[in-house]
Amino acid sequence: MTGFITLFTLLSMSVVALFSLRQSNLTQSVVLFSGVGLGSVVLFFIFNAPDVALTEAVIGSGITAVVLLIGIRHMHKEPEIEEVMMENRRGIRRIAIALLVLLTLLLLGKTLLGALSVETSNAGQALLEHAMQAGAANAVTSVVTYFRGFDTLGEVAVLFLAATGVGLLLTVEKGEDAIYIEPNFILRIGSGFLFPLILLFGLYIIVHGHLSPGGGFQGGVVIAAAFLLLFLTRRRFGLSHKIVTILESGAGMAYVLLGLTGLWLMGLFLGNFLPHPAEKIGMLVSGGIIPIIYILIGIKVGSEISYVVEKLIKRSHDV
Amino acid sequence: MFENLLTWLDSPQTLQAIVVTGSLLLFGIGFYGLLAYTRIIKILISLSIMESALFVFFLGLASDPHKTAPILGDLFKNFEKMNDPVPQAAILTAIVISLATMSLGISFAIEYYKRTGKNDIAQMDALGEKR
Amino acid sequence: MSPVYFIALPLFAAFGYRGVEALGRRAVAMALLMESAALLLLAASFVGGGRVVENIAIVQPLAISLVIDSASLFFVMLITLSMTLFSLHYLFRRAESAQKHEGRYFVFLNLLMAGTLGLVLSADIFNLYVFIEITGISAYVLTAFQKSEQALEGGIKYLIIGSVASLFVFFAIILIYLELGTFNLALIAKNFSSMPGPIIFVISLLGFIGLGIKAKLFPLNFWVPDIYEAAHPEIASLFSAIMASAYIFLFFHLFYLFGIGFREFVMTAGIVTMIVAELAALRQNDMKRIFAYSSIGQAGLVIAALALGNPHATTGAFFLLINNALAKLLLFIIVSVLFYRFGSTHIDTLKKVGSKVTVAALLMAFLTLLGMPPFGGFVGKFLVLEGFAEKGAYMAFGAILVAALIEAGYYFKMAGMLVGPNRSPETLPLSIGYRSLFLLIPGLFLLLGIAFFLFLPYFGESAATLSDAQGFVATLLGGVK
């Protein structure tokens, strides 16, 4: 069945992607686009990658679509008739581009199909042999936070940059410029009921990052989704920027310090200097610094994405 | 007949061919969107589609359907016959980076729109040679 | 000391930006200055230390490593030195005009430094991708930092172009992992030629497009002048001095390591880049655009010299790189000072410059960029030309001379506005700090030109190390089979 599902999903993803691009209404375009993300979630499950599937679900198609939709609401301008006419008039140019792209891809596809041979004795298999010593049940988590922890530190820095950049760009001098719609009864009551549940779920994902799929990034975004619900339904609700800053700065600095502690104690940056016996695998407290790093990432990502979403919804001045 | 077709689709060579052609098709659609459309949101969507295509390409070729996800559980007590965790970790990183770029791009676009009322790169004219 | 501090210190400082901001008015600039000076000293402590490999989290060949050898050390010193000089300027400017979002500015500058240092040091190809993104995103935001229409337009364009470039690089990295099963640069270098020919071609092409966009190679550099124009001049100084150098290093580091064959092609691309850029610079009236095109031209010359693979030319290219970094830093800092005073970056502004120190500094920067003795640019150009002559590449030799003539055209035009008739000098109040900075930077490239024999052995060694792929692989893998 794997082959059939892969074929079917990939074809539907392509069709949806094409429709998403051809829509002149941007909102519909974004909704279709999140369908592409949904397709890749299915594929990642098929490919035995539950971690990636979860990430794609909450980040790739979830929060990205939210960010896009909020952006479109800020730029609420329906394309004028003239513009649509212009788009249509560019038809010939588009056909030329399409043909060019098609030709390139045919060549590329032919080359790859003919010559690509996947190497099976790779770094991943070598790391799996070490994974027992890392002490975490989830090998992807071991790789993300420990073996390739340096990448993740960089990734955290990228997200931090983006959050700071959004904060810079969407800060207005005074007043605020919010998008807000009066919520109906069900949304208002429901959000109050759902908020603690989603928050708890996010925390669960973060804390169990070394045992099951998920972790700091995914859980952090789920926490941000809980706050998103509150931003949408409660006009007065706002995050305390002081607390957000302390959380994100503190978690980031603690991450770097944790890495440096490994350097000082073991001679390896981000070395796992806490005890992480292999017998303890599967317990909540296991894996040495791995769960600590994921919790720090969870705090950082949760506060940053909440901040980004808040800034996008209401372009307010800094507090 | 249908059974045969399903087994044929499941064979490693066919699966690889499906992943390569399918994800390249998706990549191509994204690339087409990038070149052919000019509204900023459309361009960001195109970039994201291209990224998704690359993730599917990578994971589809790197994973083996006969192995399990690299997570220990009640049935799996050691890391043997498990899928390669490195591509998964790499894609996880890339997805987060893609979100970062996307949210930054959107905030650029919002601020640009609020200042100029334009949302299309074809209308941009503030830079360039001036006589 | 460990090379990890080159990355860890800027990251730590960036994460704690609110704390630095809370310390007071000048704290941000002071912190940046102290930090980059500390990193410069740290880099100096590695001089003559051979090749140092620092593994992260686990041991080779699975670990991500940072490798510091005389080639990457040159670029580390270039980056930290430029950042130190920049933060001096920042400190002096900060004393005169306040700026909003000081703390955030600190974040982006720090991460630009961390990203470029990572590009130079990291020996893991996926890790390099992460650093490309860190560098890129800081650069996008820095371009748009002023939030004017121009700045935002530049930011959006840069973001799109930059994302496309890193997408291509990511594609190449995926193919490498699928084929060779590793991200480790040494292992990839060892087995690169064992891949089937068509795959090598596809990977080289994708990498060439991706890194060519970042390293401003013709015809992938159409976006550069717009970005330099959109950004604040002081940001453009960093782009020209730090980012361009780091990407040129990365391009050739991978080029030599993987033994990619299109040497003639890259050399021709470099020469064409140089000629086209210098010709385009002639027609410009905006100083930011002129210096942007001049940066592209210098980058083209350096790329051509490095692709030639002759020891003289490579050593000369290193001289040119540091000379261009210092000169462009100086020029853009002066443009930014003039911009604050006169509110314009049109070349006519030069007629109003009344300060003797500034005029002298500008003239010296022009001369060293032109490659006139006794400045550093002369040594660089001389060595490069010697290299081309040795290899018998007389077409390229001639092209470099022609490009120098074209360059002379627009630099003399600007010099004419500085010293010629029809001037209407206005006072340019300069603090004592600025005066000394305008003397310090020309002093540095004058030193480079006069005392070139001091630097020659070091640069020669760096040049030899850059193309020494076997040594890199052997040291990185050490005892590992």
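Mentor: Welcome! Helices (H or I, at least four residues) and strands (E, at least two) are DSSP runs, numbered from the N terminus. This is a predicted model, in which local features need pLDDT of at least 70 and side-chain atom pairs count only at pLDDT 80 or more, while totals for chains, interfaces and linings use all residues. Residues are numbered from 1 along each chain as its sequence is written, chains are lettered from A and ligands numbered from 1 in the order in which they are written, and side-chain values use heavy atoms, without hydrogens and water.

Trainee: Let me start with one residue. Where in chain C is C:Lys216 found?

Mentor: Look for two helices of chain C, α9 (197-214) and α10 (224-230).

Trainee: Is C:Lys216 buried or exposed?

Mentor: The test is relative accessible area: under 20% is buried, over 50% is exposed, and in between is partly exposed (1.4 Å probe, protein chains only). C:Lys216 has a relative accessible area of 3%. That value makes C:Lys216 buried.

Trainee: What is the phi of C:Lys216?

Mentor: Most residues other than glycine have a negative phi. C:Lys216 is a residue other than glycine with a positive value. Its phi is near 65°.

Trainee: Chain A has a leucine with a positive phi too. Where is A:Leu270?

Mentor: A:Leu270 has a positive phi of about 65° although it is not a glycine. At 1% relative accessibility, it counts as buried. In chain A, its place is the loop between α11 (241-266) and α12 (289-313).

Trainee: What is omega for the peptide bond from C:Pro373 to C:Pro374?

Mentor: Most peptide bonds are trans. The bond from C:Pro373 to C:Pro374 is cis, and C:Pro374 lies in the loop between α15 (356-370) and α16 (376-390) of chain C. Omega of this bond is near 5°.

Trainee: Back in chain A, how far apart in space are A:Gly114 and A:Val101?

Mentor: A:Gly114 lies in helix α5 (residues 91-115) of chain A, and at 67% relative accessibility it counts as exposed. A:Gly114 and A:Val101 are 13 residues apart in sequence. From C-alpha to C-alpha, their separation in space is 20 Å.

Trainee: Now whole chains. How many helices and strands does the secondary structure of chain A come to?

Mentor: Read along the sequence, its pattern is α-α-α-α-α-α-α-α-β-α-α-α-α-β. Its C-alpha trace spans about 65 × 60 × 35 Å along the principal axes. The count for chain A is twelve helices and two strands.

Trainee: What are the elements of chain B from the N terminus on?

Mentor: Chain B has four helices and zero strands. Its C-alpha trace spans about 70 × 40 × 25 Å along the principal axes. From the N terminus on, the elements run α-α-α-α.

Trainee: What radius of gyration does chain B have?

Mentor: This radius is taken over C-alpha atoms, and the globule rule is 2.2 Å times the number of residues to the power 0.38. A compact globule of 131 residues would have a value near 14 Å. Chain B has 21 Å.

Trainee: How many residues of chain B are in contact with chain A?

Mentor: Contact means heavy atoms within 4.5 Å. On the chain A side, 94 residues take part. On the chain B side, the number is 80.
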